[in-house]
Amino acid sequence: MNEREDIATIIDDMVVQLDELVVSSGHTNPAIVGIHTGGVWIAEQLQRKMAIKEPLGSLDIAFYRDDFTRVGMNPVVRPSELPFSIDNRHIILVDDVLHTGRTIRAALNELFDYGRPASIMLATLIDRGGRELPIQANVVGRYVDLKPEEHIKLSGPEPLTLEIQKTA
Amino acid sequence: MSRDNLQIDGNGQLRHFLSISGLNRQLLIDILDTAESFAGVTEQTVKKVPLLRGKTIVNLFFEASTRTRTTFELAAKRLSADVLNINITQSSATKGETLLDTLRNLEAMHVDMFIVRHADSGAAHFIAQNIAPHVSIINAGDGRHSHPTQAMLDMFTIRRVKGPDFGRLRVAIVGDIMHSRVARSQIHALNLLNTGEVRIVAPKTLIPAHAEALGTHVFHDLREGIKDVDVIIMLRLQHERMQGALLPSEHEYFELFGLTESKLAYASPDVTVMHPGPINRGVEMDSEVADGSRSVILEQVTHGIAVRMAVMSMAMSPKEAPVE
């Protein structure tokens, strides 16, 4: 990833890849679900640029995290909203940064508590490596090679900016 | 250490939930916000989240209750905890010693949380003081003292109907304030949330002596007391109070303090009527009011689940949470 690269350009690339993938898979009428908070921002843009009519879904995976017994409740939990039936739908799940894969594991579990989707594809703005679970994205905006002590953060929603930080 | 500080750990997080007093405004808002996100769980096909999977919660009820116990049980199950209901009714003479014995036995079964209802004020505090450090206690009603989850579900209901600004609200609590743990907790919660005006309305015999000190305005006439109020909370009248010569008769009580459609005309036109249940129809209020469009009595019951899920999961959060 180029430091000065526009996030809009990355999202445009994702739209091209997603459109191709949806067509080649023969998926009709897919619905987009973003993971709070950054994933929802990206999902909003994908939905607009892909001209998807279905309202956007959002997931807050706080109740499905695997580290509750270590870190406890997240103080800011927004209700998940899935304003359509999950059953038999093709779902495009969107997050900002794919890292360990644990967030995606939680999101998949939560989605299945709402119904049985026909399929789920994963699209992420950034794949930074460091996976701890066997999870891969179908569409990745940019691959970024980060060291374990480095951290990439999306700020937004207006404007969307990416920043690489080092944890002390 | 004061008794109420038992509730909060060093990081200001909820450890036990024993009473509203001793908590701060932000914590109450955190509970309401967390409950708001749990309310969505009932819309899922699978009405469950895995948050407390593998935890064991015991409903320890020394006093009968259907609604409170059931909603606590449902809340625990929707959090994926395992729930055990234990109903203990016993004479008060042997209670102190037996209570500790019971606790030690349950502790030995590796229980993570007790939901306690007891006829004695302070029972939940007593248990919290004597329990192993990893166990959380939730007060589900103790004597005349406190019923904090009921108060929080009432606050949740008010916020849902009237919006988050309690400052513009007039709230009247009507009925047996003196013997009501619900009223005590409600008054504390309404005050912490900066409610514009809190009124209590009851015959002189059912108002505690220090009522004004609670930050309330006291009324002995129902029509005056509910004039222009936005929310009316009716309290249950315990039948046994009649025997104590505190009240003349149910009929006369209804004439003076029972809520009817015609008396409701004194309140604000969009007044909301609440009652913690179970209702004595024709004593605290007319069926017409209880089942009418202004009543949110059944919504209160529904909200009780989300609020109890919030309190349970917050109290079960690890006590020394590392910063991410």
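Which domains does the domain assignment of chain B give? I looked this up and found domain 1 (3-145 + 302-316) and domain 2 (148-297); such bounds come from an automatic or database domain assignment.

A note on the model before going on. I am working with a predicted model, where local features need pLDDT of at least 70, side-chain atom pairs count only at pLDDT 80 or more, and totals for chains, interfaces and linings use all residues. Residues are numbered from 1 along each chain as its sequence is written, while chains are lettered from A and ligands numbered from 1 in the order in which they are written.

Back to chain B. I see 25 Å between the centres of its domain 1 and domain 2, taken over C-alpha atoms. Their contact takes 24 residues from domain 1 and 18 residues from domain 2 (contact: C-beta atoms, placed from the backbone, within 7 Å). On the domain 1 side, α1 (25-39), β4 (136-142) and α12 (297-316) of chain B each give two or more residues. Helices here are DSSP runs of H or I with at least four residues, strands are runs of E with at least two, and both are numbered from the N terminus. That side of domain 1 divides into 11 nonpolar, 8 polar and 5 charged residues (Ala, Val, Leu, Ile, Met, Phe, Trp, Tyr, Cys and Pro count as nonpolar, Asp, Glu, Lys and Arg as charged, the others, Gly among them, as polar).

Next, the two chains. I find 17 residues of chain A in contact with 20 residues of chain B. The chain A side has 9 nonpolar, 4 polar and 4 charged residues.

Last, a hairpin in chain A: 5 residues join β6(A) to β7(A).

Conventions:
Pairing = 2+ DSSP bridges. Contact = placed C-beta atoms within 7 Å.
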